[in-house]
Amino acid sequence: VIDKYGADALRMYLINSPVVRAESLKFKEEGVKGVVKEVFLPWYNAFRFFLQNIERREATGGTKFVPNPEKAQATTNPT
């Protein structure tokens with residue numbers, strides 16, 4: 001399972017399982033696959049989208065992207 005889906009996917013599956021509440025668990029590989037599909041792939045896709053937009057901005061704007069933590073913390077955007 002670790003070789004196929006990765007340790008983080010297995011860890012996330014177990015953290016969200018009944019084992020955490022000291023209940024029994026019927027382990028299902030499909031559950032680990034679901035974590036990859038529902039959690040890690042959306043995170044990865046959002047990250048890739050962010051990187052692609054940085055690359056496009058740098059290519060068209062001619063300046064290097066430099067994150068501004070103060071500006072990010074000062075935003076009123078709830079997301």
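Contact means that heavy atoms lie within 4.5 Å. Keep that in mind as you click through this predicted model, where local features need pLDDT of at least 70, side-chain atom pairs count only at pLDDT 80 or more, and totals for chains, interfaces and linings use all residues. Residues are numbered from 1 along each chain as its sequence is written, and side-chain values use heavy atoms, with hydrogens and water left out.

**Stop 1: P42**

Select P42. This residue sits in helix α3. Helices here are DSSP runs (H or I, at least four residues; strands are E, at least two), numbered from the N terminus. Leaving aside neighbours within four places in sequence, P42 is in contact with V36 and K37. P42 is partly exposed, at 40% relative accessible area. Partly exposed is the band between buried (under 20%) and exposed (over 50%), using a 1.4 Å probe and protein chains only.

P42 and G61 are 19 residues apart along the chain. Their C-alpha atoms are separated by 28 Å.

**Stop 2: the core**

Which residues make up the largest nonpolar core? Select A9, L10, Y13, V32, V35 and V36: these six form it. Helices α2 (7–15) and α3 (29–61) each supply at least two of its residues. A nonpolar core is a set of buried Ala, Val, Leu, Ile, Met, Phe, Trp, Tyr and Cys residues joined through side-chain atoms within 4.5 Å. In soluble globular proteins, nonpolar side chains tend to be buried together.

Zoom in on A9. Not counting residues up to four places away in sequence, A9 touches V32, V35, V36 and F40.

**Stop 3: Y13**

Move along to Y13, also in helix α2. Is Y13 buried or exposed? Y13 is buried, with a relative accessible area of 12%. Its contacts, again without residues up to four places away, are L25, K26, F27, K28, G31, V32 and V35. Next, pick the C-alpha atoms of Y13 and V36. They are 9.2 Å apart in space, while the two residues are 23 apart in sequence.

**Stop 4: down the axis of α2**

Colour A9, L10 and Y13, which are buried in α2. Turn the view to look down the axis of this helix. The buried residues of α2 fall within an arc of 100°, so they line one face of the helix. That arc is taken from the directions from the helix axis to the C-beta atoms. What covers these buried residues? The cover includes α1 (2–5) and α3.

**Stop 5: the salt bridges**

How many salt bridges does a search of the whole structure find? It finds two. A salt bridge is a side-chain nitrogen of Lys or Arg within 4 Å of a carboxyl oxygen of Asp or Glu.

Select K4 and E29. Their closest N and O atoms are 3.2 Å apart. K4 lies in helix α1 and E29 in helix α3, so the pair ties together parts that are 25 residues apart in sequence. K4 is exposed, at 59% relative accessible area. E29 is partly exposed, at 29%.

Now select R11 and D8. Their side chains meet in a salt bridge of 2.5 Å, N to O. The two are three residues apart in helix α2, separated by about one helical turn. R11 is partly exposed at 47%, and D8 is partly exposed at 45%.

**Stop 6: a surface patch**

Select V1, L14 and F27, which make a nonpolar patch of about 230 Å². Such patches use residues with over 30% relative accessible area and no salt bridge; nonpolar side chains (Val, Leu, Ile, Met, Phe, Trp, Tyr) are joined within 5 Å, and like charges within 9 Å. Areas come from the Shrake-Rupley method with a 1.4 Å probe; for residues, only the protein chains shown count as cover. L14 belongs to helix α2. L14 is partly exposed, at 34% relative accessible area.
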